[in-house]
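Dear colleague,

I am handing over the structure below, together with notes on what turned up in it. Please read the notes alongside the coordinates.

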Amino acid sequence: MFDFSILYDYVGRLLPFDGLKARFMQQALVGLLLIAPMTAAMGVQVINFRMAFFADAISHSAFAGVALGLIFAVSPQWTMPLFGLFVGLAIMAMQRRSALSTDTVIGVVFAGVMAFGLAIVSRDANVARDLQRFLYGDILTIGDAGILTLAALLIVVMIFQAWSYNRLLYIGLNPAVAQAHGVRVADYQFAFAGLLALVVMLSIWAVGVLLVTAL
């Protein structure tokens, strides 16, 4: 495990406020500084692809992901992002095979996933009591493992953006013309949807379902 003590100490010296003297506050600030540029960068293509409700659909699938983890005795830290990734790829697959608009497909999946998650969660009182954590997040409990995961994801997102930004912009404007000019439209669409799903799901642990959409 990497030692982020130097980074936290630097944050404390750079911002010498009383509230940032505590280590958990320094970790929370570093976590937010990693999340903000990821969500902002991915948000450009979210609007370009007319997928404004995509983050809502993915974030609300967190309930079902956590519930499935508890049912199969697997850590929700694994089942939640994996289920979110599955939902994101499913939305993109349905959108490509349907004449419906992207927002319509997202709305259908959103309703189904939300109903499925709440149906499972309502069966377990312990899970129901933890829903508030997913609504508002728990940024003050983020640790070195969470920081490392977010940092790795940020690197992947920025490399993906640097490599494919123009192609994604082209696809958003006209996927048929982009395909005619040799752009692998399906590959980029699925890669974007999967990466966006991971960004949303990992951000939920920190800022919650309500704020991740705003970010």
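Helix 5 gives the most to the lining of the largest pocket, namely five residues, where helices (H or I, at least four residues) are DSSP runs numbered from the N terminus. Please bear in mind that this is a predicted model, in which local features need pLDDT of at least 70 and side-chain atom pairs count only at pLDDT 80 or more, while totals for chains, interfaces and linings use all residues. Residues are numbered from 1 along each chain as its sequence is written, and side-chain values use heavy atoms, with hydrogens and water left out.

**Pockets**

A pocket here is an open set of points, on a 1 Å grid over the protein atoms alone, where a 1.4 Å probe fits and with protein on both sides within 12 Å along at least five of seven lines; lining residues have an atom within 4 Å of a point. Grid points are joined across faces, edges and corners, and a volume is the space filled by probe spheres set on the points.

By that definition, the largest pocket holds about 560 Å³ of space. It is lined by 19 residues, of which Gln77, Gly146, Thr149, Leu202 and Trp205 are the closest to its centre. Two or more lining residues come from each of helix 5 (76-96), helix 9 (144-173) and helix 11 (185-214). The lining divides into eleven nonpolar, six polar and two charged residues, where Ala, Val, Leu, Ile, Met, Phe, Trp, Tyr, Cys and Pro count as nonpolar, Asp, Glu, Lys and Arg as charged, and the others, Gly among them, as polar.

The second largest pocket has a volume of about 260 Å³, and of the 15 residues that line it, Phe49, Gln95, Thr102, Pro175 and Gln189 are the closest to its centre. Helix 5, helix 6 (102-121), helix 9 and helix 11 each supply at least two residues of this lining, and the largest share, three residues, comes from helix 5. Six of its lining residues are nonpolar, six polar and three charged.

**Surface and buried parts**

On the surface, Ile71, Phe72, Val74, Trp78 and Leu82 form a nonpolar patch with about 580 Å² of accessible area together. Such patches are made of residues with over 30% relative accessible area and no salt bridge, nonpolar side chains (Val, Leu, Ile, Met, Phe, Trp, Tyr) being joined within 5 Å, and the areas come from the Shrake-Rupley method with a 1.4 Å probe, only the protein chains shown counting as cover for residues. Trp78, which lies in helix 5, is exposed because its relative accessible area is 61%; exposed means over 50%, buried under 20%, and partly exposed in between.

Helix 4 (residues 62-71) has seven of its ten residues buried, so it is largely enclosed by the rest of the structure. Those buried residues are Ala62, Phe63, Ala64, Gly65, Val66, Ala67 and Gly69. Gly31, in helix 2, is buried as well, with a relative accessible area of 0%, and its C-alpha atom is separated by 9.9 Å from that of Thr149, 118 residues apart along the chain.

**Salt bridges and backbone**

The count of salt bridges comes to three, a salt bridge being a side-chain nitrogen of Lys or Arg within 4 Å of a carboxyl oxygen of Asp or Glu.

- Asp18 pairs with Lys21 at 3.4 Å between the closest N and O atoms, and both residues are exposed.
- Arg184 and Asp187 meet at 3.2 Å, N to O; Arg184 counts as exposed at 53% relative accessibility, whereas Asp187, at 47%, counts as partly exposed.

Arg50 has a positive phi of about 60° although it is not a glycine; Arg50 sits in the loop between helix 2 and helix 3 (54-60) and is exposed, with a relative accessible area of 54%. Just after helix 4, Ala73 takes a positive phi of about 55°.

With best regards

Methods:
Patches are made of residues with over 30% relative accessible area and no salt bridge: like charges are joined within 9 Å, nonpolar side chains (Val, Leu, Ile, Met, Phe, Trp, Tyr) within 5 Å. Buried means under 20% relative accessible area, exposed over 50%, partly exposed in between (1.4 Å probe, protein chains only).
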